Amino acid sequence: MDKSLKKRIRRHVVGRSRKYFAAAPPGLEKTCFQEITALPVEIESAAIVPGGIEFNGRIDACYLANLHSRTANRILLRIGEFSAANFRRLEKQTNEIPWELYLQPDSLVEFHVQTVHSRLYHKEAVSSRIEKSIQNRLGTAGTPGAQPSGKTPQKLFVRVINDRFTVSIDSSGDLLYKRGVKTHGGKAPIRETLAAYALAVAGYDGTVPLLDPMCGSGTFSLEAAMIATKTPPGFFRKFAFMEWPSFLPDRWRYFHEEAKKYRTLKSKPSIFASDSDLKSCKALKHCVAQNSWASMIEINHLDFFNISPDTPDIEKGIVAINPPYGLRLGEKGMADSVFSDIIQHLTFHYKGWRAILIAPDKISSVSAPLASF
């Protein structure tokens with residue numbers, strides 16, 4: 001790394017507070033805000049805005065938000081904000097963005113452009129001008145084409161409202177619900193961000209038993225294991241910012257090692273997963289074994305309606321259910337019937353338990369995704 005680049009990294013990345021945007025799923029903004037403001041680093045001017053959370057902080061905030069947020073979709077770094085009513089002005093402004101801090105000479109760049117009430121409304125034209133600015137600054141970077149081996153695609157988000165441009169680079173890469181843990185799929189999976197939110201609303205902290213009796217791919221069980229062991233959601237994965245020329249590997253290693261100190265693996269089962277589908281159980285067992293959670297997650301090939309944890313010696317906790325609606329249930333009438341049966345079984349056998357029940361919008365037998373029995 002040459003001295004001039006090191007100097008720019010110190011000036012623009014290390015020693016300067018930057019603006020970020022944590023994109024959050026609809027309805028999860030408040031929880032995401034709490035996660036961001038609880039990060040072990042100084043966070044400034046955090047606010048809930050349409051689509052997520054805006055906040056200011058140094059580069060540490062970027063690293064830690066990606067590492068620790070369980071509900072954010074991605075973390076964007078604002079790298080340019082300016083007005084431009086014509087392409088000449090757009091090129092001038094984007095030529096001044098320090099692209100060399102975020103893009104390698106052979107980076108694959110993906111453009112995502114949105115325009116509202118602006119004279120520069122043609123998305124492809126806007127993308128091509130910004131691509132030209134990147135090439136002017138770096139020489140060869142930014143040209144669309146085959147992804148270079150081992151490189152993470154760098155996503156640029158350009159929002160244009162009333163001729164006001166906001167240019168952001170995605171620091172996350174793959175959406176953050178991809179924890180880097182699960183290598184198998186399921187027929188009706190719930191995203192990890194929604195599972196984490198539901199567990200948080202139900203008050204799950206790893207100190208009470210969790211039952212996941214329609215586990216499928218095991219999202220609730222795996223997410224609960226990460227919470228119970230104090231494992232950050234980004235602990236096992238890589239991020240787009242690791243490909244930036246301005247990436248500070250020593251800082252990242254420090255944060256990762258600090259998180260590792262607080263991980264506490266459990267020696268006895270506290271999470272009980274089961275499913276009527278044997279293939280799903282076997283896939284989940286393989287995943288759990290790979291991540292050293294076999295001692296705390298017990299997996300059985302059982303039908304939910306044959307499980308009745310209502311004996312006095314079983315500690316009451318949380319039961320989390322993502323029923324097999326949609327492709328696994330078929331017609332709406334069948335889905336209504338199954339949901340009705342689930343609620344009856346919960347009401348009769350799970351008195352004193354807290355329950356999470358994920359439901360599609362048009363199921364008549366339930367009125368909320370979270371219930372208590």
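Aspartate 163 is buried, at a relative accessible area of 11% (buried means under 20%, exposed over 50%, and partly exposed in between, with a 1.4 Å probe and protein chains only). A quick note on what you're looking at: this is a predicted model, where local features need pLDDT of at least 70, side-chain atom pairs count only at pLDDT 80 or more, and totals for chains, interfaces and linings use all residues. Residues are numbered from 1 along each chain as its sequence is written, and side-chain values use heavy atoms, leaving out hydrogens and water.

Back to aspartate 163: its phi is positive, about 70 degrees, though it isn't a glycine. Most residues other than glycine have a negative phi. Serine 292 is another non-glycine with a positive phi. Here are the two side by side.

Now for the fold as a whole. The protein has 10 helices and 13 strands; these are DSSP runs numbered from the N terminus, with helices (H or I) of at least four residues and strands (E) of at least two. Of its 373 residues, 51% are buried. If you take contacts (heavy atoms within 4.5 Å) between residues at least 6 apart in sequence, 77% of them join residues at least 24 apart. The protein exposes about 17,800 Å², with carbon and sulfur atoms supplying 52% of that; the areas come from the Shrake-Rupley method with a 1.4 Å probe.

On to the inside. A nonpolar core here is a set of buried Ala, Val, Leu, Ile, Met, Phe, Trp, Tyr and Cys residues joined through side-chain atoms within 4.5 Å. The largest one has 53 residues, and Tyr63, Ile79, Trp99 and Phe165 touch the most other members. Helix H3 (residues 59–68) gives the most to this core, seven residues in total. H3 is mostly covered, with nine of its 10 residues buried; among them are Ile59, Tyr63 and Leu67, along with the polar Asp60 and Asn66.

Which residues does phenylalanine 165 touch? Leaving aside residues up to four places away in sequence, its partners include Phe82, Leu90, Leu120, Val126 and Val158, as well as Glu81 and Arg159. There's also a second, separate core of 31 residues, which includes Ala202, Tyr204, Leu222 and Leu284.
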